[in-house]
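Biologist: I am new to this structure. Could you walk me through how to read it?

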Amino acid sequence: MRNYLVLRVAAKIVVPFMLLFALYVQFHGDFGPGGGFQAGVILAAAFVFFALIFGLPTTRRLVPDRLVETGIAAGVLVYAGVGFIGLLLGGNYLDYFVLDRDPAHGQHRGIFWVEVGVCLTVSSVMLKIFYMFAGRRRREDDA
Amino acid sequence: MIDSAHLPVLQVVVPLVCAPLIVLVRGSRAGWAIAVAASVFFLGASIAILMEVQRAGVISYAIGSWPAPWGIEYRIDAANAFMLVLLGFVAAVVAPYAWASVRVEVPRENHYLFYALYCLALAGLGGITVTGDAFNLFVFLEISSLASYVLIALDRDRRALLAAYQYLILGTIGATFIVIGVGLLYLMTGTLNLADIATRLGDVRQSRPVLAALAFLTVGISLKAALFPLHMWLPGAYAHAPSAVSALLAATATKVSVYVLLRFYFSVFGTTTVFTAMPMGDVLLALSIVAMIVASIAAFFQSDLKRLLAYSSVAQIGYITLGVSFASATGLTGGIVHLFNHGVTKGALFMLAGTIVFRLGSTRLDRMAGLARSMPITCAGIVVGGLGLIGVPGTAGFVSKWYLVLAAIEAGAWGIAFVVVASSMIAVAYVWRFVEVAYFRAPSDETSRLKEGPAALLVPAGILLAASVYFGLVPSLTLGAASGAAEALLAGPR
């Protein structure tokens, strides 16, 4: 697809908006439909789209496998870490009430970071699955 | 800073957090060290929880400080506290064992994944055991199952991939049945908290959707527990998995599923629905007897030691459900103590089989001719474990079978008592197959060149084996905990 000028230009324009839309879905999840899971999928879709136009090797240079795997693990740690902070502040595990002086605001803060963790893991897992499928076919073609 | 009141949740969360940590660290040695630390913590926490439950009664923990029927509740009584100790004990012994075993059985680049998944499986099994929430239970069931599918597939042998795939299909069907059952219960009661479901079932206890839920849950959990005839995934999975995984899963995974069955039968549906209104007792009894006989005979005809042990596991699950089917204090005590005793014994046996894999590279019986001369400790260990499977006095297997026979006699079923003894005779036959090959055949060139297994494998296996003999000679500890668990279950909804 690298030789199709229209596609390349269009992709360059569309990808930033996809990323922005992912952020919108992520942070607007409190007030409307959305949240970490959906945002994660959209975020990954932006990279998948980029890979379709500019090729897998370019994308792998941009977002290396190592980074993707780290993202998978880090997201879970962020989520579980919020739980541990609840413990350290004297509440139960995953207790958001204690995260702020105002319990309602504490709930807000807790769910915010949990969703960050979800987004990180979901987008990384999506990308990992894409890399594995895309990478597999390529290797067999060479052989 | 974080006091012991939080142990119920730390029990699950510490191994859960260790999994992504291992992925971040990526080293195989560091991964192993973290997995060992998580397992040892799990054991310590489980013992502390068991002591706390025996001292102060049921522990309830509200996740996120949301009170019980609304939030997820972790609820631990004598029954799941005992299960936790079994889980912790086996995990804390298998994790150190894994180091040497995984090095020969799992490709090097996957070592860190192995240890991460080991922690995930442990977290999942622990979560199933502690949770008092039906949907949370399903989620943890999926965590442990997905982790074990991958753990099985990590073996170098490509047949492991097929076995894992088979387990994946059947395990997913089982999980689907469980979630349908939970959904029906939610439909009828509007709650997911197990204790709350039990109290709200009240008048609708015998309505059609509730009975359908009972049926779906029974089939789904039986698939996970490999109750005959839903055991088809088990022999392949245990035979081809890395030995450390076989040991962990054989000793804990099916046992946790049996615990879930007990929890739903006794604490949610109640004995009258399950055993009086529905003929679940008779169904379990019939299936248990067939499992004990048919799976034992199948074990006799296997040509591979790990596969033989796997079929023997199917038979031993029959013993456990036999105890459950009586729905009496003695029967349940026998079933639960057998759950523990068999877990420990079978764990030790799979670890010793793994020692043979380490040296011989295979567990085919025809390649083991005269093995006892070059690997005397390993073979002697397998014989001692085998005696435990048979139920020879002085081993843990005897204690549990004694209780099962007592329960049968108590129920006036002499025939069943006879079947228990008869199936033990078949166990003699399949254990003898190993003895005959390893002790009475002339060593081949291959086996005579082998050395005894390394201490890194023999010591952990020896600890489990010693425990299986210890709990046979001094059964008061396990029997006390098991009868406490049976009492807690028979007390009905908590």
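Modeller: Let us take confidence, a helix, the chain contacts and the core in turn. This is a predicted model, in which local features need pLDDT of at least 70, side-chain atom pairs count only at pLDDT 80 or more, and totals for chains, interfaces and linings use all residues. Residues are numbered from 1 along each chain as its sequence is written, while chains are lettered from A and ligands numbered from 1 in the order in which they are written.

Biologist: What is the mean pLDDT of chain A?

Modeller: pLDDT is the predictor's confidence in each residue, from 0 to 100. For chain A the mean is 88, with 94% of residues at 70 or more.

Biologist: How many residues of helix 14 of chain B are buried?

Modeller: Helices are DSSP runs (H or I, at least four residues), numbered from the N terminus. A residue is buried if 20 or more other C-beta atoms, placed from the backbone, lie within 10 Å of its own. In helix 14 of chain B, 30 of the 32 residues are buried, so the rest of the structure largely encloses this helix. Just after it, B:Gly361 takes a positive phi of about 80°.

Biologist: How many residues of chain A are in contact with chain B?

Modeller: Contact means that C-beta atoms, placed from the backbone, lie within 7 Å. Here 17 residues of chain A are in contact with 15 residues of chain B.

Biologist: Which residues touch the most other members of the largest nonpolar core?

Modeller: A nonpolar core is a set of buried Ala, Val, Leu, Ile, Met, Phe, Trp, Tyr and Cys residues joined through C-beta atoms within 7 Å. Among the 240 residues of the largest one, they are B:Ala35, B:Phe82, B:Tyr118, B:Cys119 and B:Ile152. Helix 3 (residues 78-105) of chain B gives the largest share of this core, 21 residues.

Note on methods. A residue is buried if 20 or more other C-beta atoms lie within 10 Å of its own, exposed if 12 or fewer, and partly exposed in between; C-beta atoms are placed from the backbone. Helices (H or I, at least four residues) and strands (E, at least two) are DSSP runs, numbered from the N terminus. Two residues are in contact if their C-beta atoms, placed from the backbone, lie within 7 Å.
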